[in-house]
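Biologist: Please show me how the local features of a structure are to be read, one at a time.

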Amino acid sequence: MKVLLRGGRVVDGTGARDADVLVSDGVVEQVAPGISSPRGAEVLDCAGTVVCPGFVDLHVHFREPGSSADETVHTGSRAAALGGYTAVCPMPNTTPAADRASVVETVWRRGLEAGLVDVFPIGAITADRAGERLAAMGEMNSSAAQVRMFSDDGDPVPTAHLMRRAMEYALIFDAVIVDHAEDPSMRRGHMHEGSVSAALGVAGIPAEAEEICVRRDIALARMTGARLHIAHLTTAGAAEAVREAKREGLRVTCEVTPHHLALTDESLVSFDTSFKVAPPLRPDGHVQALKQACADGTVDAVATDHAPHAPYRKDVDFEHAPCGMLGLETALGVVLTELVEAGICGVERVVEMMSIAPAKILGREGHGGPVAEGAAANLVVFDPEHAWTVDPRALSSKSRNTPFAGRKLKGKVLHTMLRGRFTVRDGLLTEVAG
């Protein structure tokens, strides 16, 4: 199968240039202006679009095993492909927890069966994510799933001693420890602690809960030499701590979510549970600090923290509702709208944060690399000028808990290719399993 992507702007970390991209038998055969169409090749007009390596999401929740009413690996993969992703990393807070080879291999195999994105499970740091003893990290690393990232996401590792041991264990196979950074003794609220929570009479979680944990674990990364990745960074103080760690040369990276770039705690005045998330939405000062951290390179990656919940779980009193919101299908539009349209950074930086840098952190071949001859054709084509309005009913996820319902966004995925095969074409799923 040959496909010629004609007339797009190729953006891949080596520079942006106008070029055609010829894909043949799952790999990029040629990248150059004015490629002649080979006999039998399908030609797609990509004028006005960006052609880049497929997006990589280091942080999703596909709810299998245990909560298939909310999402499955298959339905999550559908949403991911529509969002322009070619690789995703499901978190281990499932039932049972992904704390052993059998569970991570099950998630990995279900990704293969869906055939829409590469699914690379993240393993738990502690057994059953209980924060008491280390999980079988080495076993998961050597399993068929080849787990390279570990987290107790949903909960922090409760003690510095246990986190130190996890980092030392991870050093054996140069794995990445992914930090859900909220001090356990301070995360006893339902939103950001501040003037809005006080006015609403809702118990809050202070920014310091995140900042204390981030600085603790950066200190441990310094002590051990381990690779540390801070998940869903939300505060100005935490961003500054990461900035300092990078200047020091520590192996510390971080991610932000689209919703923490676009929404503030003011959204919660309606008590709409779609806006309840962990860590919580912060005031505008923190949001602006995160945007600056994206612009100056402190932030490595954008990760969605895609967290679907069935309606019956969210349609309860605010304080009893679970945290989480959808993110995969709206991520590109939110990021382009909040960062590029606002003049904070360019499309090249967005591609770096959504594809190139997360692929490097993940360390899986075939994703996030240059669009060049011989490279795996894991690609996304998007129109940065396409304006659209988010309709929850049109989303592919099994759940509908998006905070962006009715929001106008700019930037839309047109085509996604996984190893040269369309998973999404003209904005529609192909549903052809690999």
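**A buried glutamate, a helix and a loop**

Modeller: Glutamate 255 is placed in strand E14, residues 252-256 (helices, H or I of at least four residues, and strands, E of at least two, are DSSP runs numbered from the N terminus). This is a predicted model, in which local features need pLDDT of at least 70, side-chain atom pairs count only at pLDDT 80 or more, and totals for chains, interfaces and linings use all residues. Residues are numbered from 1 along each chain as its sequence is written, and side-chain values use heavy atoms, with hydrogens and water left out.

Biologist: Which side chain of opposite charge is nearest to glutamate 255?

Modeller: A salt bridge requires a side-chain nitrogen of Lys or Arg within 4 Å of a carboxyl oxygen of Asp or Glu. Glutamate 255 is buried and has none; lysine 246, the nearest side chain of opposite charge, is 12 Å away. Buried means under 20% relative accessible area, exposed over 50%, and partly exposed in between, with a 1.4 Å probe and protein chains only.

Biologist: Which backbone nitrogen lies 3.1 Å from a polar atom of the glutamate 255 side chain?

Modeller: That of histidine 232. Beyond four places in sequence, glutamate 255 also has contacts (heavy atoms within 4.5 Å) that include Leu58, His59 and Ala301.

Biologist: How does the span of helix H6 agree with its 18 residues?

Modeller: The expected span is 1.5 Å times one less than the number of residues. For H6, residues 207-224, this gives 26 Å, and the end C-alpha atoms are 26 Å apart. Just after H6, glycine 225 has a positive phi of about 80°.

Biologist: Is arginine 393 buried or exposed?

Modeller: Arginine 393 counts as exposed because its relative accessibility is 72%. Arginine 393 lies in the loop between strands E16 (379-389) and E17 (408-418).

Key: Lys, Arg positive; Asp, Glu negative; His and termini not counted. Polar contact = N/O pair within 3.5 Å; in protein donor to acceptor, adjacent residues only side chain to side chain.
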